[in-house]
Every structure is written in structure tokens, then in C-alpha cells.
Amino acid sequence: MQLQFHDISLSSKALVEKYLKPWQSENAEFGFAHIYMWGGDGKIQYAEADGFLFLKLHFPGETMFFWPPFPKDEAAKARYREGMQLACQYMEEVGMRPLFKSVAEPFTSWIQEQCPEMVLEERRENFDYVYEAESLITLKGKKLHGKRNHINKIRAEHPDFQYEELTAAHYEQCMALYDDWRLDHKEPTITQYDERSSVERALLNLDELGLTGGVIYIDGVLKAFTVGERILPWMHQIHIEKAAKDIDGLYPLINQQYAAAHCADVQFINREEDMGLEGLRKAKQSYRPARMVIKYDVLAPVEASAKEGKENCQSRQEEPETAVCRSSR
């Protein structure tokens, strides 16, 4: 079966969420808002087949890859191997070794149980940082005294600062702040993943994507903004957080204010991955994460040829030990 892929659009939301939501994954990437924000211009595409949703990702300068297949229901989950086989076949037919990225629970367990021949490799740069919501709201304790000090300094020097809920009316000011921020940040990933367009797609579709946000004004000027959403009953996620460079403490302030406004009723806040960027990793670690969402790359065994894999996916007869889709039975 040849998978037929389509670009992500707002009209895809209901279909995509039908497959993603039942499994309640804590993976920050597996939500429609994230997919829509980062998947523009065909960078993320979806296909629906045989009770599974397939998401294919192809970013500039990177090899194409899949996320793990998403089964529609428990019946499809019970034959998860078939979904993996369909994805493997597609990648083999375009001449590449099957590769699945951002594989976290519960998908990791399903692959280990039904496709034990697949190779799992941890990707530390892709782990999500998860924090106790109460910790980010109160900033109590010796380890977070630096964050409190930054906020107290702003309160002392700018007692009239204002926190407001983000709305569509803030769009132009937020994008102006983003463009100023971008002048001082030269990480190649910003251009590679077209971050500016992703920020635009979020700000222009807050209600449609179920996003919330906050902004900080100082002396009448928008100095920081953030965007997040409730992804699980026990977890909120932060998608975007940007602040001007001319006032110390804006990041702790917008973080704390938004958490207090939107996260008091959840246990955890997911602040996504650090992408292996040293500065970002240091900043995320400074908030003392409670735990990480561990993610893997999953690859077909290197010894398997595309031909062997395809034949085994189709027939599952006379299976060699190194076949891509060797039976787990």
C-alpha cells in the first residue's frame, strides 16, 4: 500500500487529533498546534491508512524521517507492527533506511514489544524538560533564588509593569519584538526550521489552535511574550517565549506570570527540548526540571537491505534474522 501524503492545514486538525489524543503522550511534539506551527510549506505531511496516521517530516538540510505511527484505537494498537511495516515500506521505496524520530512512550514500548529488531538510540538533545508547575509559579527554594532576584529587581525598577493575556491585537508588536530578538541570535536552526513563520502561524491562529499566551509591558512598550497550551489534564506546554534584551529578568518574569495565570491547576509544565544548544540547555536546567521526557531515534537494522525488508513486511515468510520487519513471534 502506497501512502498518500497531504500538507498540514487548519482543516486537518480534527483528523490528526483523532489519532493523537487517545494516547496522552507527554511528548511536546505530538500535538496539533506544534505540528501546524512547524509543519508549514510541506515540512510536515500526514497520511491515513489501515487504521494508522503517519506523519512524515522533511526539513531543509535533513534526511526525511517519520514520527512513530499513531493507531486509531486499541484494535489498531494491537497490530502496531503493521503500521511500522507500512512506514518502513514507504521509506525503503524512496531509497532510505527507515528512520523514526521523537519516539517516546507509549510508542517506545509498542515498538519494543512488536518490532524488537528495530534499533533504539537515545537523543538527549530532543528530551523535553518537565517542571513542577508550583515550582515555576512560586520560585521557592534556594536553587531558584536567582530567578526571584531577577523578578524582584524588575518589580523595584519598573513597579508599573503590566502583564496581559495575549490576543490577536498583540500580533504586530510581538512580531516586532521577535524581529529585534532575531538580530542577536544566529543559531542556524532558527533559519533551518523557519522559526519566524512558526511564530506567525501561532499568533495568527490562537483560538483555532487552542493556544493561550501572555505579554509584558514596561513603560507602555511590549517587552516579552509567551505562547502555550494545555496538552494533558496534568500538563501544560510552553511553545514560544521571547523577551527584549535591554531589561534583565524578563524571561523569569514572563515565565512566572504566565504559569501563575494558566498553570495553577496542573502538576507539570513541559518547556520542550534544548536542541543541543548550550545556552538553551543551561537556561532550561537553571529552572531545575523535575524530570525529562525521554525520546529515541528508531532505525531499521543496518544489515537489512531494502529488498529484504520489503519482502518481509509483505510476506513475513522465511524471515532472516536481520530483516527490517522480522516477526517478533
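These legends describe close-up views of a predicted model. Local features need pLDDT of at least 70 and side-chain atom pairs count only at pLDDT 80 or more, while totals for chains, interfaces and linings use all residues. Residues are numbered from 1 along each chain as its sequence is written, and side-chain values use heavy atoms, with hydrogens and water left out.

**View 1**
Strand β11 covers residues 221-232. Helices (H or I, at least four residues) and strands (E, at least two) are DSSP runs, numbered from the N terminus. Nine of the twelve residues in β11 are buried. Buried means under 20% relative accessible area, exposed means over 50%, and partly exposed lies in between (1.4 Å probe, protein chains only). Two strands pair if DSSP finds at least two bridges between them. β10 (residues 212-218) runs antiparallel to β11, with seven bridges.

**View 1. The turns of two hairpins.**
β10 and β11 form a hairpin with two residues between them. Aspartate 219 sits in that turn and has a positive phi of about 55 degrees. β11 and β12 also form a hairpin, with two residues between them.

**View 2. The second largest pocket.**
This pocket has a volume of about 350 Å³. It is lined by 23 residues, and the closest to its centre are Glu17, Lys21, Phe30, Gly31 and Ile231. Two or more lining residues come from each of α1 (13-20), α2 (32-38), α11 (206-209) and β11. β11 gives the most, with four residues. A pocket is found on a 1 Å grid over the protein atoms alone: it is an open set of points where a 1.4 Å probe fits, with protein on both sides within 12 Å along at least five of seven lines. Lining residues have an atom within 4 Å of a point. Grid points are joined across faces, edges and corners, and the volume is the space filled by probe spheres set on the points. By class, the lining has eleven nonpolar, six polar and six charged residues. Ala, Val, Leu, Ile, Met, Phe, Trp, Tyr, Cys and Pro count as nonpolar; Asp, Glu, Lys and Arg count as charged; the others, Gly among them, count as polar.

**View 3. Leucine 20 in helix α1.**
Leucine 20 has its place in α1. At 8% relative accessibility, this residue counts as buried. Leucine 20 touches Phe30, Gly31, Phe32, Ile35, Leu53 and Phe70, not counting residues up to four places away in sequence. A contact means heavy atoms within 4.5 Å. Leucine 20 and phenylalanine 32 are twelve residues apart along the chain, and their C-alpha atoms are separated by 8.2 Å.

**View 4. Phenylalanine 54 and the nonpolar cores.**
The largest nonpolar core has 83 residues. Phe54, Phe66 and Phe100 have the most contacts inside it. Helix α4 (residues 80-93) gives the most to this core, with seven residues. A second, separate core has twelve residues, including Tyr131, Ala133, Val266 and Ile269. Such a core is a set of buried Ala, Val, Leu, Ile, Met, Phe, Trp, Tyr and Cys residues joined through side-chain atoms within 4.5 Å. Beyond four places in sequence, the residues touched by phenylalanine 54 include Leu3, Phe5, Tyr46, Phe66, Pro69 and Leu86.

Four of the five residues of β6 (residues 99-103) are buried, so the strand is largely enclosed by the rest of the structure. Three bridges join β6 to β15 (residues 296-299), and the two run antiparallel. Leucine 99 stands opposite leucine 299. Proline 106 lies in the loop between β6 and α5 (107-114). The peptide bond from glutamate 105 to proline 106 is cis, with omega near 5 degrees.

**View 5. Two loop residues with positive phi.**
Aspartate 50 is in the loop between β2 (44-49) and β3 (52-57). Its phi is positive, about 55 degrees, although aspartate 50 is not a glycine. At 38% relative accessibility, aspartate 50 counts as partly exposed. Methionine 275 is in the loop between β13 (268-270) and α13 (278-285). Phi of methionine 275 is near 60 degrees, a positive value. Methionine 275 is partly exposed, with a relative accessible area of 34%.
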